[in-house]
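Dear colleague,

I am handing over the structure below, and my notes on it follow. Please keep it open beside you while you read them.

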Amino acid sequence: MAKPIVYVTRKLPTEIISELTEKYQVKMWEEEEVPVPGDVLMKEITQASAVLSMLTDTFDEEVLNMASQLKVIANLAVGYDNIDVKACESRGITVTNTPDVLTETTADLTFGLLLATARRIPESVDIIRNDQWKTWSPYMMAGSDVHQKTIGIVGMGAIGEAVAKRATGFDMDILYHNRNRKPKAEEKLGASYASLEELLAKSDFVVSMLPLTKETKGMFDAQAFDRMKQSAFFINASRGGVVNEADLYQAIKDEKIRGAGLDVFANEPIGSNHPLAQLDRVVALPHIGSSTVDTRNRMAMLCVENIKRVLDGMEPLTPVKN
Ligand code: DGY
């Protein structure tokens, strides 16, 4: 009998994929830096029992309609806004993601981005790269302090809590806004719950750790930036879609807020011609929140484990619930 097909939508390390090859026929999109084109995905998915997918792949009704054998989509990300989970559920397709294994790594990057933005680190690096350093001067690249300031975390999931933990080391006051309160985090980290309005008004650093949903789409808009302090920074390491980017651009341009650190964008990838990437007061990164070798290996292994479990008729380790 032919082995069931697992389709992997990006080139992943052989040692990880070899975990699947004994029982399954693994087909892989062999590119590292180019996402699988939609028409190729549509074709491959017709035969596949499992897909190991990336956040750059879209699974909507049109794609899922082609997937007559598909049992599981294992998404290599904690976010799964690229997948119509409801449509999967109605077709009996299990969706899994990769929470927990990337929490600390993503929190490291988020806090690093906050520091880089406040202390103008990339701009300062450019001064040397561009031979512009003429002398030491008292206010050259003068940035903003981070220690003892107020951080406001919007979306207090595991990564939000891990960011808050880092903030305790900088003696920051920690505010958070979340769908539900987190009494343990309040006790352990000294975090205080705040309404969104209060958090925006009081924070020196507003940090978005929100998933992208119908409710969060575009929620950081002109009105939100108007509420923030003029000296405050907006940091986003979640999903670009939670921000109205034109409003953010205008808010920084008009000096309604001081700047932003962005690891994610509404339409990725962006280039140097993106309006936000052209502002000195924006530190823009190419969506590298969970990108360390160890963590990406752990994420890929978790996807493999989830696929094996579902195809063996067991519960996956990290199912996504609609
Ligand atoms: C995630 O896991 O959702 C991240 O954005 C991937 O880097």
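**The sheet and its helices**

In this predicted model, five strands form an open sheet with parallel pairing, and their order is β2-β1-β3-β4-β5. The edges are taken by β2, which spans residues 25-28, and by β5, which spans 94-96, and each of these strands pairs on one side only. Neighbouring strands of the sheet are turned against each other by 15 degrees on average, with direction ignored.

Helix α1 (residues 14-21) lies across β1 (5-8) and β2, and runs at about 145 degrees to β2, while helix α12 (residues 293-311) lies across β1, β3 (48-53), β4 and β5, and runs at about 160 degrees to β3.

**The ligand**

Which residues surround the ligand? They are Leu55, Ala77, Val78, Gly79, Leu102, Arg239, His287, Ser290 and Arg296, and by class this shell has four nonpolar, three polar and two charged residues. Oxygen atoms of the ligand lie 2.6 Å from a backbone N or O atom of Val78 and 2.9 Å from a backbone N or O atom of Gly79, whereas for Arg239 it is an N or O atom of the side chain that is 2.7 Å from a ligand oxygen. On its own the ligand has 230 Å² of accessible area, and the protein covers 91% of it.

Note on methods
Residues numbered from 1 in each chain as written. Predicted model: local features only at pLDDT ≥ 70, side-chain atom pairs only at ≥ 80, totals over all residues. Heavy atoms only, no water. Near = heavy atom within 4 Å. Polar contact = N/O pair within 3.5 Å; in protein donor to acceptor, adjacent residues only side chain to side chain. Areas by Shrake-Rupley, 256 points an atom, 1.4 Å probe, with all protein chains shown as cover. Nonpolar A, V, L, I, M, F, W, Y, C, P; charged D, E, K, R; others polar. Pairing = 2+ DSSP bridges. Helix = DSSP H or I, 4+ residues; strand = E, 2+ residues; numbered from the N terminus. Axes fitted to C-alpha atoms, helices over the stretch in contact; angles between N-to-C directions. Contact = heavy atoms within 4.5 Å.
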